[in-house]
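Colleague: I would like to learn how to read charged pairs in a model. Please take me through some cases.

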Amino acid sequence: KFFLVLNKKLFSIPDLNSLNKIKNNFIKKKYFYLWINLAKKNLKFKKLFFQNENKEEKIIFDFHNTNEFNDNFFKSLASNGVVIIENALPDNERKRIQKDFDELKKSNLSTLAFNKLGWLTNPIKTETKSKIRFYSKKKISNYPHLEKLSDKLTKEISGKTLKTEAEFYLDKCTQLPEEKVTGDNVLHIDRWVPNFKIIYSPLEIKIDNAPFTYLLESHKINNTYEKMILNDNFQNIEANELYDLKKKTQILLKENSLIVALTNGIHGRSSFLELKERMLIFLQYARSFNKLSFLNYRSFNK
């Protein structure tokens, strides 16, 4: 527990509050450019987050006939900041994930029962006036094809394979209109340094059950991005006037689809439009990619 707290407090990559705590503008800029310049030394990051790319229109890729990534896939990710993989997993693995979500719904199971079923935590239930969320996680090794995709993608994005866990999020809308919750169905960024996550949906997500939303190209760390971040009110993304937020894209998904998103870009989820539910697995990498990873950039560029 001590080392988990130490890693979170000392070694985790700069978060949204790190700049707000710095009141001196000169020091704030120095701190910002320190980590941005370190990120640029990672050749993978430099291409994805900093260099201007030719515009790629295609953001949807079908893995039905192949499980290999091609150059166009990563060109699209570098250009847009988000891509979608359809037919991402074999059907037996998709069905297993759906079965696990059905288990998560049975939140009244005993601790012993959940441990026997391979869950790493008891279900965590959170509620707002209009939504209930159930959360738990399992080892990603339970899903070998998802783990393989994670390994390949993290190696191509960060320069090394990053390990993670499969985090299950089950959201149920209970009242309309759904209230706004910061960091959820309000547009935001996760970090202001290069950052990414992978999101898997075993079921179809339509316009009415809260699709993921992304402002294409907003992941590029350029002069406009720097102005937004160094603004004292940058955490209120929806109030900024540097980006046209009306151009955000709602990403509707077929069943068995996976999203790769560079989440220093502007994103969130849409609000529920009907009393429905949404099931997603999130793959996040904060524990396996930290400040030390930025400092050890040379090993990523071999």
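Colleague: How do glutamate 274 and lysine 276 meet?

Modeller: Side chains of opposite charge can pair when their charged atoms come close. A salt bridge is a side-chain nitrogen of Lys or Arg within 4 Å of a carboxyl oxygen of Asp or Glu. In this predicted model, the side chains of glutamate 274 and lysine 276 form one, at 3.7 Å from N to O. Local features need pLDDT of at least 70, side-chain atom pairs count only at pLDDT 80 or more, and totals for chains, interfaces and linings use all residues. Residues are numbered from 1 along each chain as its sequence is written, and side-chain values use heavy atoms, leaving out hydrogens and water.

Colleague: Is glutamate 274 buried, exposed or partly exposed?

Modeller: Buried means under 20% relative accessible area, exposed over 50%, partly exposed in between (1.4 Å probe, protein chains only). Glutamate 274 has 37%, so it is partly exposed. Lysine 276, at 32%, is partly exposed too.

Colleague: Which residues do salt bridges with shared partners join into one network?

Modeller: They are Lys131, Arg133, Asp171, Glu178, Asp184, Arg269 and Arg278. The structure holds 20 salt bridges.

Colleague: What separates arginine 94 and aspartate 91 along helix 6?

Modeller: Helices (H or I, at least four residues) are DSSP runs, numbered from the N terminus. Arginine 94 and aspartate 91 are three residues apart in helix 6 (residues 91-105), so about one helical turn separates them. Their closest N and O atoms are 3.2 Å apart, in a salt bridge. Arginine 94 is buried at 11%, whereas aspartate 91 is partly exposed at 42%.

Notes: Helix = DSSP H or I, 4+ residues; strand = E, 2+ residues; numbered from the N terminus.
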